[in-house]
Amino acid sequence: MVLTLALRNLFHDRIRLIVTLVGILFSIVLVAVQLGLYLGAKRMIVDMIDNAKGDIWITAFGAKSFEEGGVILTPRERHAALATPGVKAVVPLVVSFAEWRKPGGGSTNSVLVGTDPEDGGLKPWGVVEGEAASMAAPDAVLVDRSYLTDLGITGMGATAQIEQGRVRVRALTDGIRSFTQAPYVFTTANRARALLGIPRENSTFFLVQLQPRANIEAVRADLKSRLSGTEVLTKTEFRNRSLDQWLFSTGAGVALIGGAILGLIVGIVIVAQTLYSSTKDHLNEFATLRALGSSSGYIIKVILAQAAFSAILGYILGMSIAMVVVAFSVQTALPILMTPALAVFLFAITFGMCAISAVSAIVKVTKIDPAMVFSR
Amino acid sequence: MTAQIILSAKGVVKDLGHGAGMVRALKGVSLTLNAGELTLLMGPSGSGKTTLLSILGCILTPTLGNVTVGGESVKGLGPEGLADLRRRHIGFVFQSYNLFPTLNALENVRLALDVRGMHRQEAHVRAEKALRDVGLSHRLRNYPRNLSGGEQQRVAVARALAGTPSVILADEPTAALDSENGQAVMALLSQLAKDKSRAVLAVTHDSRTIPFADRIVRIEDGLIVGEERRTESRENISKIDVTRKRKAHV
């Protein structure tokens, strides 16, 4: 009967139910979008690092992120790394912000990624037109098709200029987004050096691949001792550093998380207010229950069941709308990511939010004087 | 043969409010409810009827004195202990029925059994029987809004009855009813009181209820001032024992 009573109480006042559900829905959509944006941003920030095949990253001292590698490394560091026991390969990567000059006039910022796919370090993924190997062709670059408009080009074969050098789009990828909104442009390491005016053999990062069964910590310690003025980071450390830089140093992540918290607070306040007023309206019924001998635990169960039903209904509605928003965001520059883990988390926080909201109502009913049934 | 005492109140004093606003609502009330009897508690407004009913119903605890129900004392019991006592021994019938508007008649009765932790199936059967016993077998699925006042009060009686309590306490059970329905409800309570394991007490202003009573207890100004015991024939009031008690204020 607990569930029956809870459901009937909930549906008894349709207007209040709608207000409650709108509150939860609004909250869920807001939290889903904010956290989805956060996850989407996180993925964009670390996508390059995750797709690079390397156990250790050698960076210039103070490198902030993948896009901001800082001072250029020289062949000396590369040779020292190659001579380190346990190291199988050291793959150079050239990465830097660069000016993309649109064929129709004007320019935009881009992130030039110089990599030689045959080295097995970082290979463009999600190629939907052309081939990654075509990067070796003269003047070739690869861009993501979602940035064609930003880059002022129409597609395959389009030409543009990076810094002072001419480039031609030889392949298109799908799904390689940039958190900085400066599109990634792939080309070979040597062409990247040429376009950026960097001396031959110099690089932004060295991606270290280890021999099988090599101890990563031991190799890392060895590399540190051999390479002065550089940093030797594990993949995880470099990921975290990039995330710190873009999400927290810039405040973007804080804003997204703050938005999510705000959504939660709004949800809690709305649901608490409606649950409390519903409880107040049914106070005489709860007093009757108490007079009939029900324990306070029984009444609390009714209120919690009301909260749980509100949570389930609100979650279903909220997630339905959130999924529509997610679907619309897929092709945008800032896609919202909805993962199964986020969906489960949202379900949990919806329940948590409704449980917290029930507290004021529970406090109210535990103070019920069953004698009020006689004063009606 | 002495009647079995189901509920007993001894020297009950009840203070309501605090400080300067404190009122002594009951000033030393002693009363027993016997099995197989319908007792009417009558008195003017403000005489302490409802306070006494709340204390006998284990909703309030006395400031002084003691109440025992089914041999169990209320002394030292907190809200949960009192609720447990009510659950096991007491059924209530309220003036305004206090039915749950969102539940139908059957569900209203089942709810009273559910709070007792009764299994769903058994509760269903018992609730149906209780409603049949009060003549509402044809109204099981009706919601309170679709029932007449008399029918609602009969659902309330069925709800009180379903848990097989040893005491049924009714607060002005006919106050919201017309004469015909009031008589029907009193007849029902009178019938329930014939059960030798149960006592029924009804607080009332309504003199039309008197013919149904086995005993009439009068309360004034927080004191029991009279008790009339009636013969076996409930149709004719014949006082066989009238005691006028005036107790000193406690």
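**Exercise 1. How many residues does the contact take from chain A and how many from chain B?**

Before we start: this is a predicted model, where local features need pLDDT of at least 70 and side-chain atom pairs count only at pLDDT 80 or more, while totals for chains, interfaces and linings use all residues. Residues are numbered from 1 along each chain as its sequence is written, chains are lettered from A in the order in which they are written, and side-chain values use heavy atoms, with hydrogens and water left out.

*Step 1.* Count with contact taken as heavy atoms within 4.5 Å: chain A gives 25 residues and chain B gives 29 residues.

*Step 2.* Now the area. Buried area is the accessible area (1.4 Å probe) that two parts lose on being put together, summed over both. For chain A and chain B that comes to about 2500 Å², with 61% of it on carbon and sulfur atoms.

**Exercise 2. Describe how α2(A) and α11(A) pack.**

*Step 1.* Find the helices, which are DSSP runs (H or I, at least four residues) numbered from the N terminus: α2 spans residues 14-51 and α11 residues 340-366 of chain A.

*Step 2.* You get about 145 degrees, with the axes 11 Å apart.

*Step 3.* List the partners. From α2(A), residues including A:I24, A:I28, A:V31 and A:L35 meet a set in α11(A) that includes A:F345, A:I349, A:M353 and A:C354. By class, this contact has 12 nonpolar, three polar and no charged residues (nonpolar: Ala, Val, Leu, Ile, Met, Phe, Trp, Tyr, Cys and Pro; charged: Asp, Glu, Lys and Arg; polar: the others, Gly among them).

*Step 4.* Check A:C354: at 1% relative accessibility, A:C354 counts as buried, the cut-off being under 20% relative accessible area with a 1.4 Å probe and protein chains only.

Methods. Axes are lines fitted to C-alpha atoms, for helices over the stretch in contact, and angles run from 0 to 180 degrees between N-to-C directions. Helices (H or I, at least four residues) and strands (E, at least two) are DSSP runs, numbered from the N terminus. Buried means under 20% relative accessible area, exposed over 50%, partly exposed in between (1.4 Å probe, protein chains only).
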